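Student: I have a two-chain model to go through. Can we take it piece by piece?

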Amino acid sequence: MSEDSANDGNRMNGVNWPGVLVGVLMFFIPFSGAWWRVSVGDVLDFAVSPFYYEINVMGSPMTISLLEYAIPAMQLLFLIGGVAVIVGSVSKGMWWEEQMKRFGLRKAVWIPVSFTVMLFIGALLLNSIFPQMVQMNEMDPEAEQMDVDPDLPYVVGSSNSVVEMDSMTVSAPVEKSLTGSFWLAFITVFLAVLAAKYDVLR
Amino acid sequence: MSKRVLGMVLSLITVLLVAGPFVMAFASNDWDIESMVSPPQEEMEDALGQFEAMEELGGFEPVEEDVDDETGEVKITFEFDSPLGDDITVRKFSADLYLDDEKSGSLELAEKTVLSAGERTEFDLVGFIDTETMEDAVVQNVHEDEISDEELIEMVEEDQEDLTRDVLDLDLRDTLVDLEIFGLEVEIREFEEMGDLDE
């Protein structure tokens, strides 16, 4: 009996607890909704994460074929990664321990990091391309002349973009925000890094 | 299962789940990249339909017109049939009324009005008209033979309302419209003639 308890204790000591936590979080994150949301009045509402997207233009929902396929696949990949991390984290000394952990932890780190990098690149492109499009419009004598003050926040923030055309002035509130799910994903990234170093640190 | 086989299986899972959706989406869209990454035509048309409905706005119909001949106070009730999928909040409307380049009054929105999506809404414009100016203009038109003596007699016989002409035929100038639509604030300032209220 005492030998069994000692074995259980050794087994528990061998568990990579941050890894188990990462695995559990990887089951929730794919279903936690959007990570980033942008809205332009009620004209455009765009919410996205590697596992979710929602586009509404003037109240009409839009679908993108590629994302309809890619999102379930990403969810499945993350879930498999979660299973792999847990299996690897509780299999101290087994031959598959490292491979399973590495597979799952990489997914937990690279998917959120890649998404964030793409988000910043996208925001950078949008913020630099949009004013150029306006400038090109101003140079075209046949185009309807507009005076545009885009004043777009990069990734997070709110602003008021103003478009002036002839006798009309349109003022559009722009809001960009990162949601709680985004921060949960980055807590998971932090835990995944910790889980990777856990055995060394212990 | 050896480490090598497990490594291959895990790599295969990653490749299949990352590359697979691209191939499937590409194939299901007849190998057309553009339709793979853009919304279907019908969904685009739904959204564009809202823009087109906005361009066709203007279905304002006067249903009742009340002019006080003594004071010149005017109240016109309009009806608007909204073709849009979203409410329009009209916060302000004001305009000067002109008769033959002579300012003859002004109108403004009685109160902030919500033109409900897909519904018929009534709202009031209130203001005044300068009946003297309008009578003068009529007399001037008579001198310029724009209104015949017979027409003038007929107008006077009917009543004062006709003498001051139909207020709906007056021209709008210096118009200001302040409204909210789809969460956007829109302000329209038109200093030129916008036509009359019937248009």
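Student: Is B:Glu180 buried, partly exposed or exposed?

Tutor: This is a predicted model, in which local features need pLDDT of at least 70, side-chain atom pairs count only at pLDDT 80 or more, and totals for chains, interfaces and linings use all residues. Residues are numbered from 1 along each chain as its sequence is written, chains are lettered from A and ligands numbered from 1 in the order in which they are written, and side-chain values use heavy atoms, with hydrogens and water left out. Buried means under 20% relative accessible area, exposed means over 50%, and partly exposed lies in between (1.4 Å probe, protein chains only). B:Glu180 has 31% relative accessibility, so the class is partly exposed.

Student: Which side chain meets that of B:Glu180 in a salt bridge?

Tutor: A salt bridge needs a side-chain nitrogen of Lys or Arg within 4 Å of a carboxyl oxygen of Asp or Glu. Here the N to O distance is 3.4 Å. The partner is B:Arg91.

Student: How many residues apart in sequence are the parts that B:Glu180 and B:Arg91 tie together?

Tutor: Helices (H or I, at least four residues) and strands (E, at least two) are DSSP runs, numbered from the N terminus. B:Glu180 lies in strand S7 (residues 171-181) of chain B, and B:Arg91 lies in strand S3 (residues 88-99) of chain B. B:Arg91 is partly exposed, at 30% relative accessible area. The pair therefore ties together parts of the chain whose separation in sequence is 89 residues.

Student: Which residues are linked with B:Arg91 and B:Glu180 in a network of salt bridges?

Tutor: The network holds B:Arg91 and B:Glu180.

Student: Which residue forms a salt bridge with B:Glu79?

Tutor: B:Glu79 counts as buried, because its relative accessibility is 15%. Its salt bridge has its closest N and O atoms 2.4 Å apart. B:Glu79 is in strand S2 (residues 73-81) of chain B and its partner is in strand S6 (residues 120-129) of chain B, so parts 41 residues apart in sequence are tied together. That partner is B:Arg120.

Student: Why are A:Lys101 and A:Glu97 separated by about one helical turn?

Tutor: These two form a salt bridge, with the closest N and O atoms 3.3 Å apart. A:Lys101 is buried, and so is A:Glu97. The turn follows from their spacing, because in helix H4 of chain A they are four residues apart.

Student: How many salt bridges does the rule find across the interface of chain A and chain B?

Tutor: The structure holds eleven salt bridges over all chains. Across the interface of chain A and chain B, the count is zero.

Student: What area is buried between chain A and chain B?

Tutor: Buried area is the accessible area (1.4 Å probe) that two parts lose on being put together, summed over both. Carbon and sulfur atoms give 71% of it here. In chain A, A:Met58, A:Leu66 and A:Trp95 lose the most area to chain B, together 22% of what that side buries. The area between the chains is about 3,000 Å².

Student: Which element gives the largest share of the side of chain A that touches chain B?

Tutor: Contact means heavy atoms within 4.5 Å, and it takes 32 residues from chain A and 39 residues from chain B. Strand S4 (60-62), helix H3 (65-89), helix H4 (97-139) and strand S7 (168-178) of chain A each supply at least two residues of the chain A side. The largest share is nine residues, and it comes from H3(A).

Student: Which residue of S8(B) stands opposite A:Ser171?

Tutor: Two strands pair if DSSP finds at least two bridges between them. Four bridges join S7(A) to strand S8 (residues 184-190) of chain B, and the two run antiparallel. Opposite A:Ser171 stands B:Glu185.

Student: Which residue takes a positive phi in the hairpin of S6(A) and S7(A)?

Tutor: Nine bridges join strand S6 (residues 157-165) of chain A to S7(A), and they run antiparallel. A:Gly157 stands opposite A:Lys176 in S7(A). The hairpin has two residues between the strands. The positive phi, near 45°, belongs to A:Asp166.
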